[in-house]
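User: Could you walk me through reading strand pairing in a model like this one? I'd like the general idea each time, then the case at hand.

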Amino acid sequence: MTFKVAQRRSSAVRKATVRTAAALAAGLALVMGTAAPGQAAATSAGGAAPATAGCDTPDRAGAASAAPAWAAAHQPAPVPALTGTAAQSFAYGMPGQLPIGLWSESGVTLRTPVTKGTVRLDVASKGFSTDSLTVQRYEPRDRRWVDLDTKPSSESFPTRGVLTFPVTAPDASPQHPVGIALRLQDLDRPGTLTVAASLDDGRGHTYRAPARSAEATRPKVTVSGWDKGATLRRGGTGRVVTVTVKNTTDRAYPALNGSYFAYGAGGSHVLTPKDLTLSQYRSDRGWVGVPLVAGGCDPGMSAALLPTTGKRVLAPGETAVYRLKVAVARTAPRDVTRADAGISVGNGDASFHSQQLPFTIPQGR
């Protein structure tokens, strides 16, 4: 799931005991907030603010995400896909795969008249929290997608949930079925989702559709060239790390992006962009320097990355490679002896994989 900075820190130098959590949260928020446009994440979740936004600016409060959220909600009207058979008064359909970070089309079909009815979706997940699942329906009158009503969960990691929405289709019949477009998206991790849909027609009748199951999937990401004991010496040549992303899903990722983030603090200083050198190998240019951008709220830095070939649309079965070189400047502060860093890969403003790449900096050099 996309990480967000949960609290502000006013101290210029934070204690080492909180470095990892703060770096990962701040780093992901920074880099995903400046990601390229693509298939947006759930509109209810919003997007992270740009890296240049200050802690107390309106952007940090969510103003920066208003435009992307509006655009995501006002996409072209979908054509509802009919599902079920003519003998089914009510049917529900969804695809067999739900690639994380992408919207997946879904829908219900009514073949019986309904006035002031209610559709209910009982969802059950395995491997991820149902709180990370967003389900929306298309409202033709307003020409926008809206979130379904959901019951608040009392568990920290719920695996069951209930979503509902009102429906009116007085002319629905087997000869003239009415389809209602839905879409859903998992923003957490792989697993299995099962949806049992039912319809209360408002006249004392309840119709139940066969339960449908799908696999929440994501591209396979592998990292090589880095280990937990990685050491980078001041003024050294640095270390190379390779991140390989293979799209093992059945859908194209249209706005693939990668990012690098880092944070390091000592007794009196923190690492700043001038203390690290980040390079990326490009197939047409060789090693190219990548600018690191300082965080707006927390000491730390991040950089947006492109695949080696520069291609940002990852079709099913295709592979993208990010090859990076990280080095520490000779003038980096001597009291900083460890850095918490990592990479994140995602689509648009949604991250589907992140991994820590910490390193130590010997004190003597």
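This is a predicted model: local features need pLDDT of at least 70, side-chain atom pairs count only at pLDDT 80 or more; totals for chains, interfaces and linings use all residues.

User: What counts as a strand, and when do two of them pair?

Analyst: Strands are DSSP runs of E with at least two residues, numbered from the N terminus. Two strands pair if DSSP finds at least two bridges between them. Here S10 and strand S11 (residues 206–208) are joined by 3 bridges and run antiparallel.

User: What lies between S10 and S11?

Analyst: A hairpin turn: 5 residues separate the two strands, and Gly202 in that turn has a positive phi of about 80°.

User: Which other strands does S10 pair with?

Analyst: One is strand S4 (residues 114–126), joined to S10 (residues 191–200) by 9 bridges in the antiparallel sense. Ser125 has Leu193 in S10 as its partner there. Another is strand S12 (residues 212–217), antiparallel to S10 over 5 bridges, with Thr192 opposite Glu215.

User: And where does S4 go from there?

Analyst: S4 also pairs with strand S8 (residues 160–169), antiparallel over 9 bridges; Gly117 has Val167 in S8 as its bridge partner. S8 in turn pairs with strand S7 (residues 149–150), antiparallel over 2 bridges. In that pair, Asp149 stands opposite Thr164.

User: How do I read a sheet's strand order? Which strands stand at the edges?

Analyst: Take the open sheet of 5 strands, with the order S13-S14-S20-S16-S17 and antiparallel pairing. Strand S13 (220–224) and strand S17 (286–289) are at the edges; each has a single partner strand, so one side of each is left without a neighbour in the sheet. From one strand to the next, the twist averages 25°. For angles like that, axes are lines fitted to C-alpha atoms (for helices over the stretch in contact), and the angles run from 0 to 180 degrees between N-to-C directions.

User: How many bridges link S14 and S20?

Analyst: Strand S14 (residues 239–246) and strand S20 (residues 319–328) pair antiparallel over 8 bridges.

Definitions and conventions
Residues are numbered from 1 along each chain as its sequence is written. Side-chain values use heavy atoms; hydrogens and water are left out. Helices (H or I, at least four residues) and strands (E, at least two) are DSSP runs, numbered from the N terminus.
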